[in-house]
Protein chains: 2
Amino acid sequence: MHLTNGKAVTLYDTSGPYTDPAIDTDVRRGLAPLRENWIIARGDTEEYAGRPVRPEDDGIKHTSPRGGLRNLDAVFPGRPRQPRRGRAGQAVTQLAYARRGEITPEMEYVAIRENMAPEVVRDEIAAGRAVLPANVNHPEIEPMIIGKKFLVKVNANIGNSAVTSSIEEEVDKMTWATQWGADTVMDLSTGRNIHTTREWVLRNSPVPIGTVPLYQALEKVDGKAEELSWEIYKDTVVEQAEQGVDYMTVHAGVRLPYVPLTANRKTGIVSRGGSIMAAWCLAHHKESFLYEHFEELCEILAAYDVTYSLGDGLRPGSIADANDEAQFAELHTLGELNQIAKRHNVQTMIEGPGHVPMHKIKENIDLQQEICEEAPFYTLGPLTTDIAPAYDHITSGIGAAMIGWWGTAMLCYVTPKEHLGLPNRDDVKTGVITYKIAAHAADLAKGHPGAQDWDDALSDARFEFRWEDQFNLALDPVTAREFHDETLPAEPAKTAHFCSMCGPKFCSMKISQDIRREHGTTQTEIEEGMEQKSKEFAAAGNRVYLPLAE
Amino acid sequence: MHLTNGKAVTLYDTSGPYTDPAIDTDVRRGLAPLRENWIIARGDTEEYAGRPVRPEDDGIKHTSPRGGLRNLDAVFPGRPRQPRRGRAGQAVTQLAYARRGEITPEMEYVAIRENMAPEVVRDEIAAGRAVLPANVNHPEIEPMIIGKKFLVKVNANIGNSAVTSSIEEEVDKMTWATQWGADTVMDLSTGRNIHTTREWVLRNSPVPIGTVPLYQALEKVDGKAEELSWEIYKDTVVEQAEQGVDYMTVHAGVRLPYVPLTANRKTGIVSRGGSIMAAWCLAHHKESFLYEHFEELCEILAAYDVTYSLGDGLRPGSIADANDEAQFAELHTLGELNQIAKRHNVQTMIEGPGHVPMHKIKENIDLQQEICEEAPFYTLGPLTTDIAPAYDHITSGIGAAMIGWWGTAMLCYVTPKEHLGLPNRDDVKTGVITYKIAAHAADLAKGHPGAQDWDDALSDARFEFRWEDQFNLALDPVTAREFHDETLPAEPAKTAHFCSMCGPKFCSMKISQDIRREHGTTQTEIEEGMEQKSKEFAAAGNRVYLPLAE
């Protein structure tokens, strides 16, 4: 970003081509497939006919009185494509490449974004300490990396629900979220048009898209958890992998013997995926089909380079339930699954809580890092208290900043609507900005190289009363400008050496500047010249401020 | 608070009589003097004529074209009173009483509020680890305590400035702030009507009021820092002590030799009081008159039981300046002044930063506790990054929660308008609620007895779908209800076993409840009955949810 004082500062940008005036975007056409040539050049994937799309993929039953025609109108009109997968069951994952010592174009791209050596990127992926989620069927993304050595990332959830929302709104929420800084977006849609909505979102998304395939699988069995099966689940995973989903939350750690451990909890099981799997296990009195078929699932994910996000289905939903036996039992299983995934060259991250008071947060990241061999941790908050519905972006932003500092690689945002309703555009923005604050605060605390440049640039602008630079450098320039203008809207106030908070008389920054002007700008100058200058200052009857306004 | 399930939970209330339907309040009459008889009964104070109020106390100059009549209309019409002070220079402070082993009615009141033994209250005050700010001229307050053994407190700043605001607005901001949970309020007015505004605020405030007398003193010399003097400052302190100000920020730690230490800072001196004193020191090339007259100041404060809030005039104003030499040099001086104040039986707390990245926060509280002999720490945030103007309630709420956990006794709120303008009602509310979250998260992390009862009550209500209890237990019931109703406004939704966030099919809490209903409510029941129940569950074709709505 270019500043009015002639300097510039480099900022990480998640908004894709949408904010580039030189690029013409059209949601009906989709984004250009930036990675396509890279993928083809590797020569290890092939196009194939793919699984036919069926009405029930969009939640449309043959018996449905509404029929399916209305939804076909919404089919994505962009360039026709066939799905792609690894040849002959090959693992075409960034993990496989990194382990072979290769630096892919995706890794190079990431290295530039992160201001890191490409070798570091490769080595972190090879060690399983970082993931680069990039399905071979999602060539539109600008590659990004999730790992504790890199900038802390933020995920924003979108998704229609049975109660509200439309396709257009969801695509708009995605671009809106990335505009404000979301590094990945999870499409958690559960209602109708789930397949079609996802197609639109993927074709227009510059960031990796995550999903929870279990939600769609449940729709396919009319919401009857006990009718779920490995076959239906697997079909859904293939469907979504062919579309280009970059990472999938899989609740394979919710095992039958752990369900009773939640019986004495204050808030039971609060993960949707977790409660669905628990209901399935109890209904059949059988071990989870996700756990039992995990190796087969690995083979599918490896063929598309879908990254695992191993879900924490037993995460605590209240302060009372934090760090309990159920939660950590599942974590141990996630550690075991992480090892299996790695054997299949599948990139893997681990999801974490939830509701956790501050003094119990560190145990979460420390245990996860130990049990899961430093696989990237991806946490929801955590929320540090239960008492503030409507402000859970803040209760959780506190926990997110702390756990980010301590090594969590990606923070799943929480919006003000958490526990109350579906977020609208404003809520998405508030959630993303709160989490960018948490992530950046964590980057600073971790001493990420260059992180402080941003703060320094803004503080310089503040001290020098360069208001326009202050606004433009702000995480949210629109609101910063609006707040300033609320009390001092006039154009001269944009260059005034004060703001309405203290007024001209009491602006400490102005007084500090006056001191420097009067007494010198370095410590030596001030010390040497202090006595002499003080006489002049008094003699001139000078004030510590100019009475610029009343 | 009484809940719909017949249970009750005790919550700390800062709103005073305003929210008590049995009490009729009138801002023109002021609050009843709750403490008056306690103060009189001690027999160690006397009423006296007091310092005459002068037009310049309200910023009205003889030369002012506007004259002073307009302001007299605003004079507080409530009960006439004479100021009160300790007899013959006696220290009539809670510290003096505690050191003598006395448990005052104020201490008893506090003990009940905090659910602590009165002896603990007394001993913490006697040791200087806690303060009970209660000017003998402010009998209207409901006593409260600030110390690390007690609930973390929140201060809200109000105050008109040269640019905007009126008396009515400030009184309203005070009651508004306490309604949402402010434990103390600082009146930082800097414009006209400063004396009269303060009188209205004090007479109507159920919480201790703090000020920075330097601001008013500067007004009295037309804003010319170099014309400030000990005499003018002292006159202002007496004026405010007679009105009933409970604690005063005194920037006596900004010493002449420290000013050059700020020369190489990114953002210089950002404390208003600090920059005024620095300008004075440089203009006269003399040691600060506050530092030089500190013992005399102690005598005045002791006669009214005004508590010191030793200001951190050299606090960092940017991430770059955190924990620097200037900041810690001043902290050492505050430690020295703390000892002097204690010798004079003056209650004392210490102010802290400011802008501090997360990894440098703990050093602040640890050093302060060591240097200031565990005197209560009272911090502004700290803000954990500089990049988010318009969201500094959040950048600072993160730091506030952490430093509260680690032992800070009171958190000075920051509103969304910080760095940009003067907060309005909405900003005050947002600031207070953000800081109540930080304070309560800290109480939980410190393991304060009973703190978790609040979270547990709300989480129980949440799990049992008692929506009305959820709203009423929320820090902000109004917004919680509004957010819920935005997507599900109908009355039946208030008892529905889901919300619009996930809809009826995917409500994990509902599924958890169904599991318990089907499989038992204890671990043993679930384990024993799991197989049997699972057969019945399948046989009944039961669903994990009821399709309550589409």
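1. Helices (H or I, at least four residues) and strands (E, at least two) are named here as DSSP runs, numbered from the N terminus. A:Glu106 has its place in helix H4 (residues 105-114) of chain A. With a relative accessible area of 0%, A:Glu106 is buried, where buried stands for under 20% relative accessible area, exposed for over 50%, and partly exposed for what lies in between (1.4 Å probe, protein chains only). Apart from neighbours within four places in sequence, A:Glu106 is in contact with A:Arg35, A:Trp38, A:Ile39, A:Arg42, A:Gln94, A:Leu132 and A:Pro143; contact means heavy atoms within 4.5 Å.

2. On the basis of the values: this is a predicted model, in which local features need pLDDT of at least 70 and side-chain atom pairs count only at pLDDT 80 or more, while totals for chains, interfaces and linings use all residues. Residues are numbered from 1 along each chain as its sequence is written, chains are lettered from A and ligands numbered from 1 in the order in which they are written, and side-chain values use heavy atoms, with hydrogens and water left out.

3. The relation between the chains comes next. The same surface serves both copies, since 100% of the contact residues of chain B recur in chain A.

4. The contact between the chains takes 133 residues from chain A and 132 residues from chain B. Together, chain B and chain A bury about 11,200 Å², of which 66% is on carbon and sulfur atoms; buried area is the accessible area (1.4 Å probe) that two parts lose on being put together, summed over both.

5. Between chain B and chain A there are 4 salt bridges, a salt bridge being a side-chain nitrogen of Lys or Arg within 4 Å of a carboxyl oxygen of Asp or Glu. In one salt bridge, the side chain of B:Asp460 meets that of A:Lys266 (3.0 Å, N to O). The count of residue pairs in polar contact between chain B and chain A is 18 (both at pLDDT 80 or more). A polar contact is a pair of N or O atoms within 3.5 Å; within protein, one must be able to donate a hydrogen and the other to accept it, and residues adjacent in sequence count only if both atoms are side-chain atoms. On the side of chain B that touches chain A, helix H16 (residues 425-446) of chain B gives the most, with 10 residues.

6. Over all chains, a search of the whole structure finds 82 salt bridges. One of them joins A:Lys220 to A:Asp57, with the closest N and O atoms 3.7 Å apart. Because A:Lys220 lies in helix H8 (residues 213-220) of chain A and A:Asp57 in the loop between strand E1 (45-47) and helix H2 (69-72) of chain A, the pair ties together parts that are 163 residues apart in sequence. A:Lys220 counts as buried at 17% relative accessibility, and A:Asp57 is buried with a relative accessible area of 0%. A network of salt bridges links A:Arg51, A:Arg54, A:Glu56, A:Asp57, A:Arg198, A:Lys220, A:Asp235 and A:Glu239.

7. A further salt bridge is formed by A:Arg481 and A:Glu468, whose closest N and O atoms are 2.8 Å apart. This pair links distant parts of the chain, 13 residues apart: A:Arg481 is in helix H19 (residues 477-487) of chain A and A:Glu468 in helix H18 (residues 467-473) of chain A. A:Arg481 is partly exposed, with a relative accessible area of 26%, and A:Glu468 counts as partly exposed at 27% relative accessibility.

8. Most residues other than glycine have a negative phi, and most peptide bonds are trans. The peptide bond from B:Pro353 to B:Gly354 is cis, with omega near 10 degrees, and B:Gly354 lies in the loop between strand E10 (348-352) and helix H14 (361-371) of chain B. B:Gly381 and B:Pro382 are joined by a cis peptide bond with omega about 5 degrees. B:Asn323, which is not glycine, has a positive phi near 55 degrees and counts as buried at 13% relative accessibility.
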